[in-house]
Amino acid sequence: MVSPGLVMVTATAVALVVSTGAADAAPALTQVSTDPYTNSSSQHATEVEPDTLAYGSTIVSAFQVGRFNDGGGSNIGFATSTDGGSTWTKGFLPGITTAAGGTYARVSDAAVGYDAKHNVWLISSIPITSSVTVPLVYTSRSTDGGLTWSNPVTTATGSDLDKNWIVCDNTSSSAFYGNCYTEYDSPADGDRLKMTTSSDGGLTWGASKNTGNNATGIGGQPVVQPNGTVIVPAANASETAILAFQSTNGGSSWSSTRTVATVSTYTVHGSLRSGPLPSAEIDSSGKVYVVWQDCRFRGSCTSNDIVMSTTTNGTTWSSVVRIPIDATTTTVDHFIPGLAVDSSTSGSTAHLALAYYYHPAANCTAASCQLDVGYVSSTDGGATWTAPTQLAGPMTHSWLASTTQGTMVGDYISTSFSGGTAHPVFAVASAPSGTAFHEAMYTPAAGLAAAAGTVAATPATARQNAFSTVQALIAYRQWLANGGAAGGGEDSP
């Protein structure tokens, strides 16, 4: 084990050049963190499941470090850049796990927020006991720009909690400026969706509240419009539909859920842990963009595309469109998307950046699957998209941390804009050395431009939407037959 408490060093800007078979040459990558722990109870050196957030020139990423097979990691790591991604400082959160002065055996599900009113960075996480129960949601706070972090405060309590996410209202003209909102679900209560609110920079949190219809779901990602309306896209509990609900009164109450779209998903091969959880972002006008993996555009559901739906009011959503990374006749399978929207842009000139994982051949095995990271962008609100760039890979699944739901890079990844350039953070692995893994956090060394696209996004036909509905119904019946276990396995932290 490393010494308890916070460990901080400045990340070196050593570039990793990876192979490419995509349209554009792969950029150099910078490793922003690595697993320092040595306890024999988890897998080292592994880092998985990053979130990111940018505000001004500061970018903060947080992720699991030292992944346990049956849930969580030895700690939550962070990597912070205060100069728009040029240099990074890395460390590990104090006071959560026994690895850093805390009491819990493990911790999972890091999500990053920033409260401009109180000038505080926040990392939400869920601590896990040695018996793999999840009784709390925690919030760690930083008042020095994400460089050092406090011991955590309790955000919510329960008997089994999962998939937390955090966001703050940073519009000074909003009536709820300075409110922060944490979403999570409770698998012990059928994945009941929960929301809690803080108005003092994450120091204290209010009572948790259900949606107006007591909905169940998983993987919610709240965003806040300039007028203070909070919109929360999420998957339903069986991951057969994308839902959304909202609050217009600063979190005092939450609406019933609406269905954004049904979900039809191809099971990612090679026993890779993946499911159709949404990635949600918002532009400066308050337009919300949600993406997820979906196979409705592929004949007989032979692989996943990344698809998108948008809204300006949280209640009326656009039809599902396919992000045209490649032709539907290819064998490529796309999954685990991390979407960014440049908050200084909006509408028909909004800049979007999408990082994702993919298999060049969908119908592969654990031994033959080649895992890659890709990137596309748009400067017209998602109407057209660039040709893909390969960011990393190929990786073999045996190089990745194992979990009870398959090998893992994360149930989600993330991308954020700073200074007009996109900064995805993602797990990259190379071959293990004996029993030691080499799975760590990387980001493009110079950031990535959002460029004008040449290929138009395509809307789903009535037949494709009907196919998705039928597939969703079949998956839902299978989910019920399995006792209501989450289809993608994300209920395990």
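Predicted model: local features only at pLDDT ≥ 70, side-chain atom pairs only at ≥ 80, totals over all residues.
The protein chain has 493 residues, and its secondary structure consists of 1 helix and 35 strands. Along the principal axes, the C-alpha trace extends over about 55 × 55 × 45 Å. Of the residues, 61% count as buried. Among contacts with a separation of 6 or more, 61% are made by residues 24 or more positions apart. The accessible surface amounts to about 16,000 Å², and carbon and sulfur atoms contribute 52% of that area. As to charge, the chain carries 17 positive and 32 negative charges, whose mean positions lie 7 Å apart.

The empty spaces come next. Rolling a probe the size of a water molecule over the atoms shows where empty space is left. The largest pocket holds about 910 Å³ of space. Its lining comprises 42 residues, and those nearest the centre are Leu 53, Ala 54, Glu 281, Ile 282 and Ser 343. Several strands supply at least two lining residues each, among them strand E4 (47-55), strand E8 (106-115), strand E12 (162-168) and strand E19 (279-282). Strand E15 (223-224), strand E23 (333-341) and strand E30 (414-418) also contribute at least two residues each to this lining.

The largest cavity has a volume of about 60 Å³. Its lining is formed by Lys 163, Asn 164, Trp 165, Gly 219, Gly 220, Gln 221, Leu 277, Pro 278 and Tyr 412.

Most residues other than glycine have a negative phi, and most peptide bonds are trans. Glu 49, in strand E4, has a positive phi near 60°. Glu 49 counts as buried because its relative accessibility is 0%, where the cut-off is under 20%. Asp 191 also has a positive phi, near 70°, and is placed in the loop between E13 and strand E14 (192-198). With a relative accessible area of 2%, Asp 191 is likewise buried.

Two peptide bonds are cis. One runs from His 44 to Ala 45, with omega near -5°; Ala 45 belongs to the loop between strand E3 (29-33) and E4. The other joins Gly 393 and Pro 394, with omega about 5°, and Pro 394 sits in strand E27 (residues 389-395).

Ser 186 is situated in strand E13 (residues 180-186). Why does Ser 186 count as buried? Its relative accessible area is 8%, and therefore it falls under the 20% limit. Beyond residues up to four places away in sequence, Ser 186 touches Asp 160, Leu 161, Asp 191 and Arg 192; of these, Asp 191 is the residue with the positive phi described above.

Asn 227 lies in the loop between E15 and strand E16 (230-235). Is Asn 227 buried or exposed? Asn 227 counts as exposed because its relative accessibility is 53%, and the limit for that class is over 50%. Asn 227 and Ser 172 are separated by 55 residues in sequence, while their C-alpha atoms are 9.7 Å apart in space.

How values were computed. Residues numbered from 1 in each chain as written. Heavy atoms only, no water. Helix = DSSP H or I, 4+ residues; strand = E, 2+ residues; numbered from the N terminus. Buried < 20%, exposed > 50% of the residue type's maximum accessible area, 1.4 Å probe, protein only. Contact = heavy atoms within 4.5 Å. Areas by Shrake-Rupley, 256 points an atom, 1.4 Å probe, with all protein chains shown as cover. Lys, Arg positive; Asp, Glu negative; His and termini not counted. Charge placed at Lys NZ, Arg CZ, Asp CG, Glu CD. 1 Å grid on protein atoms, 1.4 Å probe; cavity = no way out; pocket = protein on both sides within 12 Å on 5 of 7 lines; lining within 4 Å. Points joined across faces, edges and corners; volume = space filled by probe spheres on them.
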